[in-house]
Amino acid sequence: MALSAKEAAAKAGKGDSVIGWALDDSQRNELLQQFPPKFANVVADHVTLAAKASRDAELPCETLCEIVGRVDDGEGVEALVVSLDGTTDRPDGSTYHITWSLEKGRKAKESNDVIARLGWTPVDLPMPVKLIPRRWP
């Protein structure tokens, strides 16, 4: 049985795995045209639900989210903020997002800090995105 995002996060346990969702490859290509990346290293591949989850944590169900905002720190981190089940708030207290692009030397995990520090700007028209359950590594 597939779990809701909230249920999967609550049951994620502790470990060195990450659970969340991958972007559909064909839709990713469309999104890259809609939201041209600002920095050289294009990430644009997933939404994290729970970092440091157990390796046997159950995955959340396939779902839809909406891109509702964007943030760019002007120093090499760009992310798109997404709303999932009506909220941008991830169960761990951070914000649901897709790290979109990075400058050399910057890391995807920095997106959380940039969003917390700068907030985000709403996009003119929210865009639906299909998310596919995934685990890393």
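**Close-up views**

**View 1. Strands S5 and S6 run antiparallel and are joined by 5 bridges.** The bridge partner of Ala79 in S6 is Thr99. Strands here are DSSP runs of E with at least two residues, helices are DSSP runs of H or I with at least four residues, and both are numbered from the N terminus. The model is predicted: local features need pLDDT of at least 70, side-chain atom pairs count only at pLDDT 80 or more, and totals for chains, interfaces and linings use all residues. Residues are numbered from 1 along each chain as its sequence is written, and side-chain values use heavy atoms, with hydrogens and water left out.

**View 2. Seven strands form an open sheet with antiparallel pairing.** Their order across the sheet is S2-S6-S5-S4-S7-S1-S3. Strand S2 (41-42) and strand S3 (46-53) are the edge strands, each pairing on one side only. Two strands count as paired if DSSP finds at least two bridges between them. Strand S1 (residues 17-23) is joined to S3 by 5 bridges, and the two run antiparallel. Gly20 faces Thr48 of S3 across this pairing.

**View 3. Strand S5 is largely enclosed by the rest of the structure, because 8 of its 8 residues are buried.** Buried means under 20% relative accessible area, exposed means over 50%, and partly exposed is in between (1.4 Å probe, protein chains only). Val77, Ala79, Val81 and Ser83 lie on one side of S5, while Glu78, Leu80, Val82 and Leu84 lie on the other. S5 also pairs with S4 in the antiparallel sense, over 7 bridges. Asp72 stands opposite Glu78 of S5. The hairpin of S4 and S5 has 4 residues between the strands, and in it Gly74 takes a positive phi near 70 degrees.

**View 4. Helix H2 (residues 25-34) lies across S1, S2, S4, S6 and S7.** H2 runs at about 150 degrees to strand S7 (121-136). The angle is taken between N-to-C directions, from 0 to 180 degrees, with axes fitted to C-alpha atoms and, for helices, over the stretch in contact. Gln27, Arg28, Leu31 and Leu32 are the buried residues of H2. Seen down the helix axis, they fall within an arc of 145 degrees, so they line one face of H2. The arc is that of the directions from the helix axis to the C-beta atoms. An α-helix has 3.6 residues a turn, so residues three or four places apart point the same way. Glu30 and Gln33, on the other side of H2, are exposed. The buried residues pack against S1, S2, S4, S6 and S7.

**View 5. Thr63 sits in strand S4.** Thr63 is buried, because its relative accessible area is 18%. Leaving out residues up to four places away in sequence, Thr63 touches Trp21, Leu84, Asp85, Val129, Lys130 and Leu131. Contact means heavy atoms within 4.5 Å.

**View 6. The largest pocket is lined by 15 residues.** Thr48, Ala51, Ala108, Lys109 and Asn112 are the lining residues nearest its centre. S3 gives the largest share of the lining, 4 residues. A pocket is an open set of points on a 1 Å grid over the protein atoms alone, where a 1.4 Å probe fits, with protein on both sides within 12 Å along at least five of seven lines; lining residues have an atom within 4 Å of a point.
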